[in-house]
Amino acid sequence: MIIFQNLLPSFERILQSELRSIQRTEPLQLYEPVAYTLQGGGKRIRPVLLLHAASLFTHQLEQFYPAAFAIELFHNFTLLHDDMMDHAGIRRGLPTVHIKYSENSAILSGDAMSIMAFRYLSKCNCIDLATIFDLFSTTALEVCEGQQYDMEFEQRDSVLIPEYLEMIRLKTAVLLACSLKIGALLASSPKRDCELLYDFGINIGIAFQLQDDWLDVYGDENTFGKKIGGDICENKKTFLYLKALELSTDKKRSILQSWIDLKEFDANQKINAVRDIYTESGAEKATRALMTKYHNQAIEALDQLSIPKSDKLELQNFAQTVVDRVK
């Protein structure tokens, strides 16, 4: 098994090589925003997870880099379109594509990225490529479904907690799970191991998003890398918010609703008031507890893998960093 941390530099070298080719592709106005998006950085979690999953069953990883690049292309395509739908001006410290270029460029270049992802995936030499394509296309649709639910929730007065958890499963967790399972499938691993890695990805993906929601309210702004309280100011129906509605007294629930209804407000005052309600109601503790539950379920799936215990350590460490992360 290749050490997890060594996969990122290897993938970055492959990515930079592909970007040089993409930058020279005509029409430049279509492909330049693609390269710009991918050059913006990012943790590269999904492609590295794909390669790591494959490394659990084989040492021959060179043939799997196109699939890893496909995953990174698709992930960044979703971010490109998300930024435009959210009217976001900054991504990873740089102007978003629709700001730097235009909304039309963001739409068309994003579409190109999604198609390119399937092209790169087709370059993989695998005896079960049809299964991989089916998984990837299903996941791509699920991510779109998750984004649609997220947009709908912004317009709805009421969202149920199970609906929210399903939304983050679709929007965040399925692509992590897909990355792991594709890696295992490419390495011709046992079917049960493929499913267990998928389950690991789903559970740790949901835990990842719950931690993200928590950090947006309780994180350190300098460490987190963005302004704290954005979800509160935007009236996002996160698990924290939904749980606070469920657990609060009638008085506190009324106060929370009054902050939601305000059209004009002092941001810091609103953030502090809503945060206090989250804490006093027990929503903060409930969020941490649920995140721990999903983390533990991920570890349970990992424990059942038919590989040596020592080979599971990297994914165990990754799971722990998800719940411990501060940014």
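Please keep in mind that the model is predicted. The largest nonpolar core takes in 108 residues, and two cavities of 30 Å³ or more are counted.

**Nonpolar core**
- Within the largest nonpolar core of 108 residues, the ones with the most contacts are Ile22, Leu73, Ile182, Leu186, Phe200 and Leu210.
- Helix α8, spanning residues 161-186, gives the largest share of this core, with 16 residues.

**His81**
- You will find His81 in helix α4, which runs over residues 65-85.
- His81 counts as buried because its relative accessibility is 15%, and the cut-off for buried is under 20%.
- Apart from residues up to four places away in sequence, His81 is in contact with Ala106, Ile107, Gly110 and Asp111.

**Second largest pocket**
- The second largest pocket has a volume of about 310 Å³.
- Its lining is made of 15 residues, and Phe4, Lys43, Ile45, Phe318 and Thr321 lie nearest the centre.
- Two or more lining residues come from each of α1 (4-23), α3 (45-55) and α16 (313-324).
- Helix α16 provides the largest share of this lining, namely five residues.
- By class, the lining of this pocket holds seven nonpolar, three polar and five charged residues.

**Largest cavity**
- The volume of the largest cavity is about 140 Å³.
- It is lined by 13 residues, of which Tyr36, Thr37, Asp83, Arg91 and Val97 are the closest to its centre.
- The elements contributing two or more residues to this lining are α2 (28-39), α4 and β2 (94-95).
- Helix α4 supplies the largest share, four residues; this is the helix in which His81 lies.
- Six nonpolar, four polar and three charged residues make up the lining of the largest cavity.

**Second largest cavity**
- The second largest cavity has a volume of about 60 Å³.
- Its lining consists of Val217, Asp231, Ile232, Asn235, Lys236, Thr238, Tyr241, Ile260, Val274 and Tyr278.
- Helices α11 (230-233) and α14 (267-281) each give at least two residues to this lining.
- Sorted by class, the lining of the second largest cavity has six nonpolar, two polar and two charged residues.

Definitions and conventions: Residues numbered from 1 in each chain as written. Predicted model: local features only at pLDDT ≥ 70, side-chain atom pairs only at ≥ 80, totals over all residues. Heavy atoms only, no water. Core = buried A, V, L, I, M, F, W, Y, C linked by side-chain atoms within 4.5 Å. Buried < 20%, exposed > 50% of the residue type's maximum accessible area, 1.4 Å probe, protein only. Contact = heavy atoms within 4.5 Å. 1 Å grid on protein atoms, 1.4 Å probe; cavity = no way out; pocket = protein on both sides within 12 Å on 5 of 7 lines; lining within 4 Å. Points joined across faces, edges and corners; volume = space filled by probe spheres on them. Nonpolar A, V, L, I, M, F, W, Y, C, P; charged D, E, K, R; others polar.
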